[in-house]
Amino acid sequence: YIEQVRAMEIFDSRGNPTVEVHVYLSDGTVAKAEVPSGASTGEKEAVELRDGGSHLSGKGVTKAVANVNGAINDALKGMSPYNQAKIDRTMIELDGTPNKAKLGANAILGVSMAVARAAAHSKHEPLYRYLGGCDLELPQTFHNVINGGKHADNGIDIQEFMITPVKKTSFRDGFEKIVNTYHTLKKVIEEAGFETGLGDEGGFAPNLKSSEEALKMLHEAIEKAGYKPGEDIAIAFDAAASSFYNKEDGKYHFEGHVWDGDQMLDYYDKLLKEFPEIISAEDPFDENDWNNFEKFTARFGKNIQVVADDNVCTNPKLVRKAIKDKLCNAVLIKVNQIGTITETLETIRLARKNNFTTMVSHRSGETGDTFIADFTVATNAAELKSGAPARSERVEKYNRLLEIENEIGVEDERLAHFPNNIDMD
Ligand code: PGA
Ligand code: ZN
């Protein structure tokens with residue numbers, strides 16, 4: 001049973017305070033979890049409780065920490081760590097608000113993750129196995145190698161340019177191709193006379209004037225690294241369009257233009273034609289502009305993956321509406337947008353039942369916690385985005401996937417070792 005849950009304030013990859021939780025079980029097991037934090041957050045995300053005031057620019061999380069050490073600890077003490085749904089439900093009821101505003105989603109999520117990990121440890125199982133059982137696969141990974149928008153100080157308004165290995169024999173093989181392309185991209189940026197400093201998610205943040213320029217460099221880097229764009233390495237982007245949408249005039253203020261929805265659609269059309277290696281687009285329109293988002297999906301959704309992030313915030317109710325409205329054909333999954341592991345699982349199940357792809361995601365403010373790597377494998381979520389192959393808080397997730405692949409084996413090897421008593425002749 002749970003003997004104690006204890007939190008403390010630590011710091012994330014941007015130097016902002018965040019919550020760390022330790023869970024102590026009666027059998028001596030101790031496990032911890034650390035909570036991530038976004039910058040381009042959706043309006044309907046669960047509430048990240050921050051102290052306010054002047055200390056640490058108001059970003060302290062001592063109230064969330066106190067909620068873990070007080071009310072949550074009192075409620076969970078003595079409970080079994082193996083019933084994740086009951087643990088999460090207890091915290092949701094204790095909070096009593098629809099968006100975890102009272103206790104803080106940062107407090108609740110930290111406990112939810114740490115309890116799952118403690119339960120796995122106590123059963124002597126890796127986290128992916130405890131949460132996922134058997135027959136598991138490694139995800140298709142998306143790596144943000146050029147950072148713009150709110151994640152970098154440059155002229156690029158599309159937030160993320162990602163690369164993904166299409167042709168690969170294993171996760172390791174795909175990741176090596178990503179690493180090669182990343183290093184080649186650095187040279188391409190240097191040779192063009194730009195800085196190669198990194199943005200929040202480990203991608204380069206050259207001070208380019210446009211997204212088109214960024215895509216040209218990426219295309220060149222893929223080729224120079226010896227790969228075929230689209231065939232070996234494909235491109236994905238996250239526009240995070242809420243961050244360049246102006247609520248006052250209802251227009252998109254994009255890289256020097258002021259565009260309405262139709263003009264934005266035409267721009268995307270041009271971009272997708274110029275770069276056919278783009279296979280996935282996230283948040284092409286503002287989170288409240290469902291109309292244009294739907295038009296985007298109707299127009300391009302047959303050819304590419306259209307991912308909704310800020311519109312749905314990993315919330316089952318919003319995902320249900322997105323499915324009904326044909327808003328997108330894929331859903332981004334961020335554990336801290338909804339605040340418990342159980343609700344995140346519910347959202348994934350709902351999306352997959354309706355043939356929507358799920359892409360698990362890190363946040364731009366991360367920690368060393370590799371929870372999402374195990375979680376992605378456990379849920380058989382098809383995809384994971386966790387930033388560039390640079391900056392430890394990003395690479396740790398990929399290193400964890402390498403470990404998991406070592407343990408479960410690449411798919412072909414697993415099949416080869418499968419006991420086969422059937423006489424094929
Ligand atoms: P965030 O960005 O973590 O800053 O919200 C990630 C995303 O928009 O997908
Ligand atoms: Zn996003």
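Tutor: Contact means heavy atoms within 4.5 Å of each other. This is a predicted model, where local features need pLDDT of at least 70 and side-chain atom pairs count only at pLDDT 80 or more, while totals for chains, interfaces and linings use all residues. Residues are numbered from 1 along each chain as its sequence is written, chains are lettered from A and ligands numbered from 1 in written order, and side-chain values use heavy atoms, without hydrogens and water.

Student: Which residues is His362 in contact with, beyond four places in sequence?

Tutor: His362 sits in the loop between strand E13 (357–361) and helix H12 (371–378); helices (at least four residues) and strands (at least two) are DSSP runs. Leaving aside neighbours within four places, its contacts are Glu201, Lys334, Ile372, Lys385, Ser386, Gly387 and Arg394.

Student: Why does His362 count as buried?

Tutor: Buried means under 20% relative accessible area (1.4 Å probe, protein chains only). His362 counts as buried because its relative accessibility is 2%.

Student: Which residues coordinate the zinc ion (ligand 2)?

Tutor: Donors are N, O and S atoms within 2.8 Å of the metal (3.2 Å for Na, K and Ca). Here the distances run from 2.1 to 2.3 Å, and the donor spacing is D-x43-E-x26-D. The residues are Asp238, Glu282 and Asp309.

Student: At what distance does a polar contact join the side chains of Lys385 and Glu282?

Tutor: Lys385 lies in strand E14 (residues 383–385), and Glu282 in strand E10 (residues 278–282). A polar contact is a donor–acceptor pair of N or O atoms within 3.5 Å. For these side chains the distance is 3.1 Å.

Technical notes
Buried < 20%, exposed > 50% of the residue type's maximum accessible area, 1.4 Å probe, protein only.
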